[in-house]
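Thank you all for making time this morning.

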Amino acid sequence: MARLPAHVFHAIEAIEVIVSDHPTPGAVRSGVREDAAGLFVEPDQRTLDPTDDDEPAPPRGWIVVFLDNIRPLDGPGVQAIFMHEAAHALGLDEKHLEAVGF
Ligand SMILES: [Zn+2]
């Protein structure tokens, strides 16, 4: 994260990162590919209470990294998956990412 430009870091700093071994059976049943290496989960807007100022700001989403599905499993491999999912968090879809070779 330290290598990210400041404006990109601020855009994703409220996103929680979860490191897991692999997608759970429940996640697979709900449509996550069994071989997914990462995932960006958008927050469920329905759970937010816009009238409660005292409520701490909820995470703006979750980036999940599945270590068993990262090949090769090394620093650059994990970083590539994280950056791909962070780009989704910033609003880019697969088509955009493919266009820039990401
Ligand atoms: Zn993607």
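Let me begin with contacts: two residues are in contact if their C-beta atoms, placed from the backbone, lie within 7 Å. With neighbours up to four places away in sequence left out, H84 touches G38, L97 and F102. Before I go further, please keep in mind that this is a predicted model, in which local features need pLDDT of at least 70 and side-chain atom pairs count only at pLDDT 80 or more, while totals for chains, interfaces and linings use all residues. Residues are numbered from 1 along each chain as its sequence is written.

Now the overall layout. Among the contacts with a separation of 6 or more, 61% are between residues 24 or more positions apart.

Let me turn to the sheet. Two strands pair if DSSP finds at least two bridges between them, and, in general, strands of a sheet pair through backbone hydrogen bonds, either parallel or antiparallel. Here three strands form an open sheet with mixed pairing, in the order β1-β3-β2. Because β1 (16–20) and β2 stand at the edges, each with a single partner strand, one side of each is left without a neighbour in the sheet. The pairing of β1 with β3 is parallel and runs over five bridges, and V19 has V65 in β3 as its bridge partner.

Next comes burial, for which we count C-beta atoms, again placed from the backbone: a residue is buried if 20 or more others lie within 10 Å of its own, exposed if 12 or fewer, and partly exposed in between. Of the 102 residues in the protein chain, 10% are buried. A nonpolar core is then a set of buried Ala, Val, Leu, Ile, Met, Phe, Trp, Tyr and Cys residues joined through C-beta atoms within 7 Å. The largest such core has seven residues, namely I12, A37, I63, V64, F66, I81 and A86. Both β3 (62–66) and α3 (75–89) supply at least two residues of this core, and the largest share, three residues, comes from β3. As for A37, apart from neighbours within four places in sequence, the residues in contact with A37 are F66, N69, I70 and I81.

Which residues of α3 are buried? They are I81, E85 and A86. These lie on the same side of α3, because they cover an arc of only 135 degrees around the axis, the arc being that of the directions from the helix axis to the C-beta atoms. On the other side of α3, G75 and P76 are exposed, whereas the cover over the buried residues includes α1 (6–12), β2 and β3. After α3 comes G91, with a positive phi near 105 degrees.

Finally, let us compare two individual residues. H84, in helix α3, counts as partly exposed because 17 C-beta neighbours fall inside 10 Å. R33, by contrast, sits in the loop between α2 (25–29) and β2 (38–41), and R33 counts as exposed because there are 12 such neighbours inside 10 Å.

Key: Helix = DSSP H or I, 4+ residues; strand = E, 2+ residues; numbered from the N terminus.
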